[in-house]
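Hi everyone, thanks for coming. Let me put the structure up on the screen, and then I'll walk you through it.

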Amino acid sequence: MLEKEEKQLTRDCLAMALEAGAAKARASLSKNTMNIVATLDGEVDKVTSCLDRSISLNLFVDGRYGTFSSNKLDRESLRTFIGKAVGTTRMLAADTCRDLPDPARTAKDASKGNELGICDSAWSSVTPDQRIAFALENSASSVKPGRSCSSVSLPPHTRPAQKTSQEEHVLPVAAKGWKLISEEGEYSDSQYYNYVVDTQGLEVLHSETSFEFFTELTIQDSKGHKYSGGWWEAAPLLKDFHPEKVAPAALQEAVMQIGPQSCPSGKYRAVIDSEVSQKVLNPILNALNAFNIQQKNSFLTETLGKQVFPAGLDIMDMPRIPGEACGKMFDSEGVATSDHYIVKDGVVKEYFVNTYMSNKLGIAPTIEDATRPYIPVFWKNGIRRSDGAAAIPAKADRQCLMEACGDGILITDFCGGNSNPATGDFSYAIQGYRFKDGKILHPVREMLITGNIVTLWSGLLAAGDDARRCRAKLTPTLAFDNVDFSG
Amino acid sequence: MKTKNDYLNAFGVSLEQMQALVGEGLRSGGHWCDLFFEDTSYSELMLRDGEVSAGGSHIDYGCGIRVLCGEKTGYAYSESTSYPALLAAARSASSISVAAKSLTINQKSPYAFRQNPEGITPHSPDNKALERHFYPMREDWREADAARFVPVLRKLESRIRAKDSSVHKVIAMLSAQVSDIMMYNSLGELTTDTRPVGSISVTVIFVRGDRTEMNNASRSFRAGVEMISDALLEELATNVTVGMDERFEARRPKGGKMPVVMAAGASGILLHEAMGHAFEADFNRKGQSIFADKMGKKVASKGINILDDATIPGNRGSLNIDDEGVPGQKTYMVQDGILTSYLHDRISAAYYNVDPTGNGRRESFRYNPIPRMRCTYMESGNDGSVEDLIAGVKKGIFVDQFSNGEVKIGEGDFTFYVKSGRLIENGRLTMPVKDINIVGNGPKALADIVAVASDLKIDDSTWTCGKEQSALVSCGIPSVLVNKLTVGGD
C-alpha cells in the first residue's frame with residue numbers, strides 16, 4: 001500500500017527543489033515489497049523479506065540538468081540532499097534541450113494506479129506459511145539428488161503451447177538411469193508502486209503485483225556429463241499463476257540436452273523458440289531509439305517511413321492490455337503510452353523519441369521506448385503447412401513452424417555473443433536441436449549463428465502465435481530462411 | 001582515519017544494540033547471525049556532444065540481517081537503522097530457523113574464520129590483526145565538487161579527437177562510489193571498511209566514408225580522487241583509438257576449430273567466466289559445477305597456477321575484508337595444474353570444513369553474501385613471449401579483446417564475443433577479424449592450454465560480474481595458446 005504520507009513526501013520534494021533554486025523538477029517514488037522463499041533439493045534454503053523505497057529526482061536548474069536519488073527518506077535528510085543536488089546541477093554545462101514533457105502528452109488516465117488491473121488485492125493475504133508451501137509443493141525434488149531420473153514423472157502437458165508430440169515428452173526420460181544432481185527453486189511475490197509528479201502538474205501512479213516461480217535443475221548422464229535446465233512462470237494476478245508447470249518444464253529442458261552432436265556448418269532454416277526470440281528483436285528496438293540514431297550508433301538511421309522489413313510484418317507496442325504483466329500507462333517522463341505500430345507492413349513507423357531527443361533532433365516526440373512490443377502472426381506467401389495448405393494455421397506454435405520449415409535447426413537458447421549496433425552484424429552462440437521433417441533429431445553442440453539483423457529479418461518465413469504472456473516482450477516463435485550456422 | 005566509534009555513530013547504533021539484535025536473530029534456534037550496515041554515495045558525470053551536461057548523485061543506505069541455520073539462510077533488510085526497524089528485520093530473518101527447524105550442524109565452530117594463510121588470528125581484542133589497507137583513499141570523492149571533474153572529461157575528449165580525425169562522437173563518463181561498511185556477527189566480531197571505487201569509461205563512434213565503427217575503453221580503481229592523472233587520460237585516449245585502421249579493415253573469417261592465442265590482460269575474462277565460476281564453492285557444494293569431484297586432481301597442464309586475489313593495491317576487485325568480515329587474501333585455486341581450493345564464503349567453508357577464503361560478497365545490504373571472485377588471474381609461465389606463441393601456430397586466430405562472455409556452470413560450456421583480433425597464418429599475424437564468437441568448454445580449454453607466456457597483465461577495466469548480484473571484479477592473464485577452440489565465422 002502506498003501511504004498518503006509517502007505521496008505527500010514525494011510532492012514535498014518538488015517544493016524543496018524549487019526552494020533550493022530549481023526552475024522545474026520531477027520526482028518519482030518507487031516502493032517495492034517482496035518476499036522470497038528459495039528451495040534446494042526440496043528443502044527450504046533461504047527466506048527473504050524486502051521493502052525498498054527511494055525517491056528519484058530530475059532537476060532543471062538554470063538551463064542545466066541533473067538526476068539524483070536517495071533512499072534516506074526522512075524529511076531533513078531529503079532537504080539537505082536536494083539542496084546539494086541543485087548545487088551540483090549548477091556546476092554542469094547548460095543544455096537547453098532538457099525539459100519536462102509537454103503537459104498535453106502526459107497521462108491523464110493513470111491516477112488510481114490500477115487502471116490496467118494488474119495489482120492483485122490477494123497479494124496482501126498471502127501468508128509466510130503459504131509462501132513456503134508454494135515453494136515446496138512446486139519443487140521438482142520429490143526426487144532426491146542421486147536418484148534415478150527414470151523415476152521422474154514428466155507430465156505430457158509440460159509446454160502445451162509449444163509441444164504437440166507425445167513422443168517428445170516420453171523419449172528423454174524413458175531410460176538410461178540419469179541422475180538428478182541438484183534442484184534450486186525460488187518462489188517470490190511482490191507489490192510495486194511508482195508515483196510520479198512534476199512541477200507542471202503531472203501526477204500519475206502505477207501499481208503492480210507479481211507472483212513468480214523459477215526452477216533450475218542440473219542432471220548427469222551415465223557418462224558423467226552435466227546438463228542444466230531452467231523454467232520460469234510469472235503472473236500479476238494470483239489466479240493466473242501456474243507454478244506447477246515450472247519444475248517439469250525445467251527437467252525437460254535439461255534432459256533434452258543429453259547427447260549433443262556436432263552439426264556441419266552451413267545455411268539452415270532456423271526456428272527460434274518464443275522463450276528466446278526476443279534476442280533478435282532487441283537490436284531492432286535499440287536501433288530505433290533516437291539516442292542511438294543521434295549518436296550515429298544505429299543501423300536504422302534514416303529509415304523512418306521506409307520499407308526495411310518484409311511486407312506483411314508488423315511490430316507493435318501494446319502497453320495497455322488489461323490484466324497482463326509489464327503493461328504501463330506512462331513512461332518515466334509521465335508521457336501517456338498507447339497501443340500503436342512500430343513497424344507496419346515492413347515499413348518503419350516510429351523512432352522512440354523522448355522530450356530531450358525531440359528537442360535535440362528537432363523531431364516530434366513519441367515515447368521513450370517500447371513498453372510491451374508485440375509481433376502478430378506472420379506467414380510468408382508460399383510457405384506451406386504440414387498438411388500442404390498455404391493458409392495461416394489456426395495454431396501457429398513451435399511445432400507448427402518446424403513442420404512448415406521441414407528441415408533446419410531449432411534454437412532454444414542463446415549463450416553469449418553480440419550485435420554491432422552501428423552495422424547490425426551479429427554473432428550469437430546457440431543451444432538447440434537439429435530437426436528434419438518437422439521432428440527433432442538431436443541436440444547440437446558448439447554452434448553459432450552469424451549474419452546481419454536486417455538480412456536475417458528479410459528472410460522471415462513465419463511468426464507464430466505463442467508469445468509468452470509473462471514476458472515483457474511478446475515475441476512468438478520465429479522461423480527464418482538461409483541462416484548461417486557454424487560449429 | 002575513521003575509528004570503530006565513527007562507524008557506530010554514523011549508523012546510529014551501539015554495540016549493545018547489535019548484540020541484542022544478534023540475540024533476537026538467534027532466538028528461534030539459528031546457528032549464526034550477522035549484521036551488515038552500508039552507507040553508499042555514488043556520483044556520475046557524463047560528457048556527450050562535447051559538453052558535460054548530465055550528472056547526478058545517489059545515496060543507498062541500510063542494514064541487512066542474516067540468520068543461518070545449518071546451510072539455510074534467513075535474510076531481511078531495512079533502509080532505516082533505527083532500532084525498532086532493525087529489530088523487525090532480525091525477527092523476519094530468524095524465520096529460517098522455524099522453516100529449517102529439524103537441521104543440525106556437525107561442526108564445533110561452524111562459519112568461523114580461524115586462521116588465514118599468513119597466520120593471523122581474527123580474535124585479538126581490538127581486531128588490529130585483521131586490519132588491511134589495500135586501498136587507502138587519499139582524497140575522498142564525497143568531498144570533491146562535480147565542477148572539478150568537468151575539465152577532466154573535456155580534456156579526455158580533446159585528447160581522443162587529437163588522435164584520430166575520424167572520431168564522430170565521444171561519450172565519456174566519470175563515476176565514483178564510496179561505501180562505509182560495518183559488520184557485526186554472533187562471534188562478537190566488529191569489522192569496518194571504507195571502500196572507494198572510481199571509474200572512467202569512454203565510448204567513441206568513428207565514421208569513415210559510409211562506414212561506422214564503435215570502440216570503448218575504461219579504467220577503474222579502488223582509489224580516491226588521486227587516481228585521476230594526465231597519464232590515465234592519455235592511456236584511455238590511446239586505448240580507445242588504437243587499432244581502428246584494422247577495425248575498419250576487419251572481416252569475419254572462415255570459422256572452424258583452430259588454435260587460439262589469447263593476448264595478455266583482458267583475455268583473463270575468459271578465465272573468470274569459463275573456469276572461475278566453476279571454482280566458486282556454492283556451485284560445487286550443490287554438485288552443479290563440473291569441478292565438483294575434481295578437488296586434488298589434475299585440471300590443467302603442469303606449471304599452470306590460477307588464483308583469486310583480494311590483495312592487489314588499488315585493484316577494482318580488492319577487499320580489505322569481505323562482506324562477511326573475513327580478511328581479504330590471495331587464494332590459489334589451481335597450483336601446478338592441480339585443483340587445490342574452491343572460493344568459499346562462511347557457509348561453504350563450514351560445509352567443506354575449511355576456512356572461508358574471503359570470497360563472501362554481496363552487491364549491497366539488500367543481498368545475502370555468496371561466494372564471488374575478486375581479481376582472478378593466471379600466473380606467468382615460461383614459454384617465452386606472445387610472439388613466440390604466435391610463431392608456433394600454422395593456422396589459427398589471435399584475440400586481443402573479448403566481450404559478452406557467458407558460461408553454463410554445469411556443462412562448462414562458454415562463449416565469448418571477439419571484439420578484435422587477427423588471423424594467424426604460418427606463424428604470422430595477417431587479416432584483422434571481428435564479429436565472431438569463440439565457443440568452448442572450460443575444463444577442456446584449461447586442459448588444452450599448451451603454452452603460457454611470461455607476460456602476465458592485470459586488466460583494470462570496469463569489469464562487473466553478474467552472478468545473481470553484481471560485484472566489482474578484475475581479471476588478468478599472460479598470453480596463452482589454447483590448442484583447439486571453435487571459432488564461429490562465415
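In chain A, if you take contacts between residues at least 6 apart in sequence, 73% of them join residues at least 24 apart. By contact I mean that the two C-beta atoms, placed from the backbone, lie within 7 Å. Chain B gives 74% for residues 24 or more positions apart, again among contacts with a separation of 6 or more.

A word on what you are looking at: this is a predicted model, where local features need pLDDT of at least 70 and side-chain atom pairs count only at pLDDT 80 or more, while totals for chains, interfaces and linings use all residues. Residues are numbered from 1 along each chain as its sequence is written, and chains are lettered from A and ligands numbered from 1 in the order in which they are written.

Now the chains themselves. Chain A has 10 helices and 18 strands, and chain B has 12 helices and 23 strands.

How does the radius of gyration of chain A sit with a compact globule of 487 residues? Such a globule would be near 23 Å and chain A has 25 Å, which agrees. The radius is taken over C-alpha atoms, and the globule rule is 2.2 Å times the number of residues to the power 0.38. For chain B, with 490 residues, the rule gives 23 Å and the radius of gyration is 24 Å, so chain B is as compact as a globular protein of that length.

Buried residues make up 53% of the 487 residues in chain A and 58% of the 490 residues in chain B. Buried here means 20 or more other C-beta atoms within 10 Å of the residue's own; 12 or fewer is exposed, in between is partly exposed, and the C-beta atoms are placed from the backbone.

Next, where the chains touch. The contact takes 61 residues from chain B and 55 from chain A. Which element gives the most to chain B's side? That is strand β2, residues 51-69, with 12 residues. By class, chain B's side holds 21 nonpolar, 24 polar and 16 charged residues. For the record, Ala, Val, Leu, Ile, Met, Phe, Trp, Tyr, Cys and Pro count as nonpolar, Asp, Glu, Lys and Arg as charged, and the others, Gly among them, as polar.

Let's look at two helix pairs in chain B. Helix α2 (residues 15-26) packs on helix α3 (residues 83-93) at an angle of about 25°, with the axes 8 Å apart. The axes are lines fitted to C-alpha atoms over the stretch in contact, and angles run from 0 to 180 degrees between N-to-C directions. α2(B) and α3(B) are therefore roughly parallel; the cut-offs are under 35 degrees for roughly parallel, over 145 for roughly antiparallel, 65 to 115 for roughly perpendicular, and oblique for the rest. On the α2(B) side, Q17(B), L21(B), E24(B) and G25(B) meet residues of α3(B) including Y83(B), L86(B) and R91(B). That contact has six nonpolar, two polar and two charged residues.

The second pair is helix α5 (residues 150-163) and helix α6 (residues 230-241), whose axes come within 9 Å and cross at roughly 40°. α5(B) and α6(B) are therefore oblique to each other. Among the residues making this contact are K155(B) and I160(B) from α5(B), and L233(B) and V240(B) from α6(B). The classes here are six nonpolar, one polar and four charged.

E333(A) is in the loop between β8 (315-317) and β9 (340-344) of chain A. Is E333(A) buried or exposed? With 23 C-beta neighbours inside 10 Å, E333(A) counts as buried. Beyond neighbours within four places in sequence, E333(A) is in contact with P101(A), N354(A), T355(A) and E368(A).

E302(A) has a positive phi of about 60° although it is not a glycine. E302(A) lies in the loop between α7 (290-294) and β8 of chain A, and counts as exposed, with 9 C-beta neighbours inside 10 Å. E468(B) also has a positive phi, about 65°, without being a glycine. With 13 C-beta neighbours inside 10 Å, E468(B) counts as partly exposed.

Methods. Helices (H or I, at least four residues) and strands (E, at least two) are DSSP runs, numbered from the N terminus.
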